[in-house]
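This report describes aromatic rings and their surroundings for a reader new to the structure. The sequence and the model are shown first.

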Amino acid sequence: MAEFRDFLEEHSERARLSGFQRLMQRRVREILLVSSPYDSFVLAEDGKLQEKILSEYMEHSLSYAPGLTRVSSGVEALSLAREQHRFNLIVTTMHIDDMSVVDFARQVRAAGIGTPIILLTYDNRELADLLGRFDTSIFDRIFNWQGDFRIFLTIVKHIEDQMNVVHDNHAVGVQVIILVEDSIRYYSSYLPMFYSELFKQSQKVIEEGPSTSQKLMRMRARPKILLANTFEQAIVFFETYRKDVLGVISDIRFPRDGALDVGAGIELVRRVRAARPDLPVLLQSSQPENAQNAHAVGASFLWKNSETLLEELRAFMIQNFAFGDFVFRMPDGREMARAANLRELEEVLPRVPDESLLYHAERDHFSNWLKARTEFVLADRLKPHKVSEYATVGDLRGYLTEQFHEQRLRRYRGIVVDFNPDDFETSTNLARIGSGSIGGKARGLAFISMLLNQYGIRDNFPGVRVLVPGSVVLCTDVFNEFLAQNDLWHFALACADDAEIFRRFMAAEFPDKYVAQLESYLSGITYPLAVRSSSILEDSLYQPFAGVYETYMVPNNDADAEVRLGHLLAAIKGVFASTFSNAAKDYVKATNYRLEEEQMAVIIQRVIGNRYADRYYPHFSGVARSHNSYPVEPAKADDGIVALALGLGQAVVDGSATMSFCPRYPRTAVGFATPRDWLKYSQNRFFALDLGAGASGASGADEFLLKTHDLTIAEADGVLPPLCSTYSAENDALYDGASRPGARVVTFAPVLKHGAFPLPDILKLVMDMGRWGMNSPVEIEFAVNLAPETGGPQQFAMLQMRPLVRGAELSDLKIDVADDRLVCRSPKVLGNGRLDKIRDVIVVDAGTFDRSRSRDVAAEVAYYNSRLAGEGVPYILFGVGRWGSTDPWLGIPVQWGQISGVKVIVEAGFTDFRVTPSQGSHFFQNLTSFMVGYFTVNEYVDEGFVDWTWLAAQEPVSKRGFTRHLRFDQPLTATMNGRTGEGIICKPGVWC
């Protein structure tokens, strides 16, 4: 995982700026209130103080309402504070029945208790007497209650701001408001109003959040209020948080150098103005003649004796601290437009007069407004730019519009939001329709999206966008409602006819409320869609269900919206129906689950690619596995392996001819030793979505099968040249590119050898990211578009990530048995351990196998599997060609359910075709998940052997056209060394 850890080190700032979840970690959770019963009653007016506190928190959408414990005496309070360390705050009133409040505070400190102590007074004369007689510095703060219950909430938030401001400002740049006031009476009046306005502002901001978690995190990022009583303290606050100060509100006369200074506020403004010329500053004084002095240093002024002092303060905050709407004004103050949120700002910006735009841009108003709304990253991005950098106002306007739009989209990345047709960005969202689970595959997509967004990987590679295609997920409750509405559940569980299940599901009615939402979704898009399964059991660590359920692709290009909706609904129903296919039922039988426990969610995902006539496909697709079960020196197992194919990824997942390489050594392909190997074994056809399918309006899901095309088509489309080499028969050599005549060979040399696209670097990072995120090796399906038809950067799209099941490879088993005692030896084995209780063998004889009849062979194997698996009898399967390939000429096209009882598989090459393990296929993933021993043999190139002569000489229990069932009195032993990748299968009675 070094690759991703190095990336985190290098990009720690990006991770830091996404750390809203780490804000406000220190909270006041328990309060010890020391007061008479009457004082407590006065605070709450009706005696229910705890309910008042809870109500106030709920009103402002605040979490973590603190608990409250009230006692009347100092002795009892001291006892509780000593014995129970749960109190984060002590609030005491003046009236304690057994000691003075000053004595109580001194005894708390003498006992070594460092909990903040707040003194709450009710009477100004009582407060004046206390200040005149005692040193009150023992208290962390003194507040004066003036009939406003919000004082209690103010006290809590004041303490929490003090505890968290250093961390939160450093973490994400949380803003700071500095209040300089030494009068207890005035700051006790100001602060409740300040916090009330901050909470209102926060509630407006969180209304824009696309998810509840994002809203709560933004609440934590509200500005902090710092209260200074002296000139020196105010200077420290300003210097510490200089670039993040939202504004300063200050008295004019307050202590400086230990004595009252009638001009302290004026000097403070001069210092502030020297560092931040445009920072909003308000001075206040009981002497109206100070207004002239305030204006002379560029500060606003309020008279403290005004009848509307608090209202004037509120108005100053709203107008100058960027609270509320962004109001576009002309230099003379005339209002031209306003925007309540980023979307409105983006919409109104093109219509604002040049003079107004320049007025705000020159004064950092956009940056200030964004910071007040906790959009710190964007604010920091805008702030360094000057108007003079742009040749025209139009250029400035364009830049701002682009930044606001991108920030809106960024909010949706990395989270699953509820689908909202009025605020849905199809290019970036992962949205849900319905309730219930989003399923395993969608969870993987959501996790990928979160990692890409949180760690800034999306734009980490210049000229390349790393992304998860926009998707909508129909949750499992949609599936359940569809089954219930059409009475399909019991029928589908009992029916063994796949065609009849499919027919009944196609004829069933889809719930109206979801049809309406899908109709809204389709109204804004016309690009092709992949409709994919995401069951609750899919992509788990131990049973991935890879390839068990159906995936459909729909062109989504018909001019008639009703036809497009019909196609989409048919594809969804097809995925639902595949939950109950015989293949799925057979797969589930081999697990510890029951089919009735399975529920299906469906992902509707944008297909990455371009249109070429009636074809749609990406430049190439692939599957990356962070663990390579068959590493070739110098590669190691943890370096991973990648399988690539031009076009759509069906060629990779179904085991067709592909190209494999190790991302750490990309210049060396796996399995191709000579130019003739490339010519003979490399990809010669590719998959594309037929955009003409279903054009007649047919609505069956089977209308949208992928089609294969010759490479000449890809060359004509311009896709092949940047991915190929050319074979020269004259020189028996490969030349990278397509600039000379000759046979085209899909080698990906321009990408892997000449760096036309940073594929190895991207793969190393995302594979390591996946391994780090899941604490397990991972498999990643992806697609790459080198030249998006809509323009913009190249695209690396992550389509799926699942944990990779891999058996423990710990024991170093000996395999030094003489060949004449063996049925099979292989230098390429997946698995580890010894299986010594297998007496049954199914053999597809190499001598009689006919490639043109491979589908019949698959049916015969399925027949034997059904019988043996039904009896719980394990077996070894010998065959030729690639097991699980959908290309019948490459091997035997079995589905996993047709061999679900197998314990060991032997895959032997043809005399004219060398078998290579298809590590990107769904079939391969299921092998590993069920921990099946997997032997690869190519005896014609000295890679192991199968003793076909011995097998042919054994008397079968039964035989069919191409297959034989052997049963032995003594067991065969299969031994697999996971460290060396070697394995042997011993003849009956031979211990190995």
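## A cluster of rings

In this predicted model, ring pairs join Phe479, Phe482, Trp489, Phe505, Phe510, Phe576 and Phe580 into a cluster. The count of aromatic pairs comes to 31.

## The pair of Tyr455 and Trp772

A pair of aromatic rings is described by the distance of the centres and the angle of the planes. For Tyr455 and Trp772, the ring centres lie 5.7 Å apart and the planes stand at 85°. Planes over 60 degrees apart count as edge-to-face, so this pair is edge-to-face.

Tyr455 belongs to the loop between helix H20 (439-454) and strand E17 (464-467), while Trp772 belongs to helix H31 (residues 759-774). The pair therefore ties together parts that are 317 residues apart in sequence. Tyr455 has a relative accessible area of 12% and is buried, because buried means under 20%. Trp772, at 23% relative accessibility, counts as partly exposed.

## The pair of Phe505 and Phe580

Two members of the cluster, Phe505 and Phe580, have ring centres 6.0 Å apart and planes at 45°.

## Charges over rings

Two arginine residues are placed over tyrosine rings. Arg185 lies over the face of Tyr186, at 4.9 Å from the ring centre. The charged end of Arg740 sits over the ring of Tyr735, at 3.8 Å from the centre of that ring.

Ala749 lies in helix H30 (residues 749-752) and counts as buried, at 3% relative accessibility.

Which residues does Ala749 touch, not counting those up to four places away in sequence? With that exclusion, Ala749 touches Leu723, Ser725, Asp736 and His754.

Notes
Residues are numbered from 1 along each chain as its sequence is written. This is a predicted model: local features need pLDDT of at least 70, side-chain atom pairs count only at pLDDT 80 or more; totals for chains, interfaces and linings use all residues. Side-chain values use heavy atoms; hydrogens and water are left out. Rings of Phe, Tyr and Trp (its six-membered ring) pair if their centres lie within 6.5 Å; planes under 30 degrees apart count as stacked, over 60 as edge-to-face and the rest as tilted. Helices (H or I, at least four residues) and strands (E, at least two) are DSSP runs, numbered from the N terminus. Buried means under 20% relative accessible area, exposed over 50%, partly exposed in between (1.4 Å probe, protein chains only). A charge sits over a ring if NZ of Lys or CZ of Arg is within 6 Å of the ring centre and within 35 degrees of the ring normal. Contact means heavy atoms within 4.5 Å.
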